[in-house]
Amino acid sequence: MSFLDKASIIGIILGFATLILGMIAKGANPATLLNPAALIIIGVGVTACIFICFPWVEIKKIPKLIKIIFTDRKQLMEKDLLPLFMEWADIARKEGVLGLEEKISQVEHTFLKSGMEMVLEGQSPEDVRHALEEELAATEERHNAGSSIFTQAGTYAPTLGVLGAVMGLVSALGHLDNMELLGPSISAAFIATLFGIFTGYVIAHPFATKLKRKSKVELQVNYFIIEGISCIQNGESKLMVRKKLLPYLAVSERADETKKGGE
């Protein structure tokens, strides 16, 4: 289940509001932003750089990456998984891991279900851990490839803005004999620089950071799952599972869980 990422949407709105209101506050006309040449230099230029840098198989994932940035999907977190692993550990000690078969069949979390199915198949704890860690490494690599697209876009955009300014100034020099055209020409020359800086530091780099942050959260949860599965395979009691997994929780969540354990 997915829902809108309010932080990303608010950030984008504030970013554009800062640009427009800032120009008004400085006495500049926001209408000057409607500069086709600047839009072409930055938009097409950045797109060209991305196409040169990355293979098509990664470029075609950009719409999906943007969807990830602006949506959040509901997922199990460590605080949700801890009582689950405690319950499963208790069942496994009493009935064996096969006693978890029905519960595992109802799990929707792909990584958790995959790991527990390997346990039901009788694979060793070492093999299960190795397989899951390899899967996480591959996932992390894919995530890094996605965020690097926006990182590179953020690097190239300001430089292309400078290129646009130089091109604009070259055009402005052609109007030295006409003061009425010289001012607007110089103003237009720097619109490309403005677009480049805005695109790089208000859009592209923050997009890359958001993707990295969401990836880190997902990986942390999956590492927690690996430890929980390992506890079940090793026949740990639910109290021992709680003791081993509690440090993975945030401090506030850990305090709440400790309070529950004392009740």
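Predicted model: local features only at pLDDT ≥ 70, side-chain atom pairs only at ≥ 80, totals over all residues.

Me: Which residues line the largest cavity?

Reply: Look for P125, V128, R129, L132, I226, I229, S230 and Q233. Helix 8 and helix 9 are the elements that give two or more residues to this lining. Sorted by class, the lining has five nonpolar, two polar and one charged residues.

Me: What about the largest pocket: how much space lies there?

Reply: The largest pocket contains about 940 Å³ of space. It is lined by 28 residues, and those closest to its centre are I68, R73, H143, K214 and E218. By class, the pocket lining has eight nonpolar, eight polar and twelve charged residues.

Me: Which elements each supply at least two residues of that pocket lining?

Reply: They are strand 1 (2-4), helix 4 (62-70), strand 2 (71-73), helix 8 and helix 9 (179-233).

Me: Now for the helices. At what angle do helix 7 and helix 8 cross?

Reply: First the general idea: two packed helices are described by the angle between their axes and the distance between the axes. Here, the axes of helix 7 (residues 110-120) and helix 8 (residues 125-173) cross at roughly 155° and come within 10 Å. Angles over 145 degrees count as roughly antiparallel, and helix 7 and helix 8 are therefore roughly antiparallel to each other. The crossing of helix 7 with helix 8 is right-handed.

Me: Which residues meet where helix 7 and helix 8 touch?

Reply: On the helix 7 side you will find F111, S114, G115, M118 and V119, which meet V128, A131, L132, E135 and L136 of helix 8. The residues of this contact comprise seven nonpolar, two polar and one charged.

Me: How far apart are the axes of helix 5 and helix 10?

Reply: The axes of helix 5 (residues 78-95) and helix 10 (residues 238-245) are 8 Å apart, and the two helices pack at an angle of about 150°. That angle makes helix 5 roughly antiparallel to helix 10. Their crossing is right-handed. In the contact, L82, F85, M86, A89 and D90 of helix 5 meet K238, V241, R242 and L245 of helix 10. By class, this contact has six nonpolar, no polar and three charged residues.

Note on methods: Residues numbered from 1 in each chain as written. Heavy atoms only, no water. Axes fitted to C-alpha atoms, helices over the stretch in contact; angles between N-to-C directions. Helix = DSSP H or I, 4+ residues; strand = E, 2+ residues; numbered from the N terminus. Parallel < 35°, antiparallel > 145°, perpendicular 65-115°, else oblique. Left-handed = near helix turned anticlockwise from the far one by under 90°. Contact = heavy atoms within 4.5 Å. Nonpolar A, V, L, I, M, F, W, Y, C, P; charged D, E, K, R; others polar. 1 Å grid on protein atoms, 1.4 Å probe; cavity = no way out; pocket = protein on both sides within 12 Å on 5 of 7 lines; lining within 4 Å. Points joined across faces, edges and corners; volume = space filled by probe spheres on them.
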